[in-house]
Each structure stands twice: as C-alpha cells, then as structure tokens.
Amino acid sequence: MSYIARRGLSTLIPPKVASPSAIGGAQDAARMQRVVSFYEKLPRGPAAEAQAKGLLGRYQARYFGKNPSSAPIIHVIGFLLILGYGNNYYFHLRTQIPNDYYQKRTH
C-alpha cells in the first residue's frame, strides 16, 4: 500500500485510545491524556440538522428532503416548455404575422 493511500486512510481511522503499548508506559501517558481530552471535548448525540439557506437550498429541502417527490421532474418539463415556446416565438412566430395584420384596412 502506498504512502498516500495509507495517509488518506489514517484520517478515517481514529487513533487507538487504549493500545497495549500506551497503557503501561509513562512516556506515553501525556500523549494518551491529550487523546482522551480531545475525545472528551467532542459533542455527543446526533448532529443537529442544518437549516436550508437560499432559494436552491429551500427547494432541495422541500422536494429532495425527508419526503422526496416527483415534482422536480414536472418543474423541469414545464420550464423547458416555456423556454421552448419563448425561443420558438422569438425566432419564428413573430415574423409570421405581418405588421399591418392588426391594422384596420380601408378599401
């Protein structure tokens, strides 16, 4: 195993708090006390849920949170329909109606 892979795994694995070599040695007692005090300061219990911030965060919390739904698919389809019609109107439909079409004709 390469050094980089071992270094990456070492961050996932907590240090051995009660290893046999650290229990009896007086030289390791200070190091052991630092490890124990570190773990004592960590919060206990489940982590608090993060509040959604911003428009996208609230949207994700509402539709992808605890009760996911299929509404985002319908939102995407509606958005594409509106975008497609606007694009079609701008490039094609507005040139199909002549300028004098709505003007009153006098013969």
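**Notebook: rings, a salt bridge and a surface patch**

I started with the rings and found that Y59, Y63 and F64 form one aromatic cluster. My rule for a pair was that rings of Phe, Tyr and Trp (its six-membered ring) have centres within 6.5 Å, with planes under 30 degrees apart called stacked, over 60 edge-to-face and the rest tilted.

A note on the model: it is predicted, so I used local features only at pLDDT of at least 70 and side-chain atom pairs only at pLDDT 80 or more, while totals for chains, interfaces and linings use all residues. Residues are numbered from 1 along each chain as its sequence is written, and side-chain values use heavy atoms, without hydrogens and water.

**Aromatic pairs.** I counted four aromatic pairs in the structure. Y59 and F64 have ring centres 6.4 Å apart and planes at 70°, so I logged this pair as edge-to-face. Y59 has 28% relative accessibility and counts as partly exposed; for this label I took under 20% relative accessible area as buried, over 50% as exposed and what lies in between as partly exposed (1.4 Å probe, protein chains only). I then looked up Y90 and F91, which also make an edge-to-face pair, at 4.9 Å centre to centre and 85° between the planes. Y90 is partly exposed at 44%, whereas F91 is exposed at 53%.

**Salt bridge.** Which residue does E49 form a salt bridge with? I found K66 as its partner, with the closest N and O atoms 3.3 Å apart. The cut-off here is a side-chain nitrogen of Lys or Arg within 4 Å of a carboxyl oxygen of Asp or Glu. E49 sits in the loop between α3 (29-41) and α4 (54-63) and K66 in the loop between α4 and α5 (71-96), so the pair ties together parts 17 residues apart in sequence. Both E49 and K66 are exposed, and the structure holds one salt bridge.

**Surface patch.** I found V76, F79, L80 and L83 in a nonpolar patch with about 410 Å² of accessible area together. Patch members have over 30% relative accessible area and no salt bridge, with nonpolar side chains (Val, Leu, Ile, Met, Phe, Trp, Tyr) joined within 5 Å and like charges within 9 Å. L80 has its place in helix α5 and is exposed at 51%.

**Whole chain.** I noted five helices and zero strands, taken as DSSP runs (H or I, at least four residues; E, at least two) numbered from the N terminus. Of the 107 residues, 8% count as buried. The accessible surface (Shrake-Rupley, 1.4 Å probe) comes to about 10400 Å², 62% of it from carbon and sulfur atoms.
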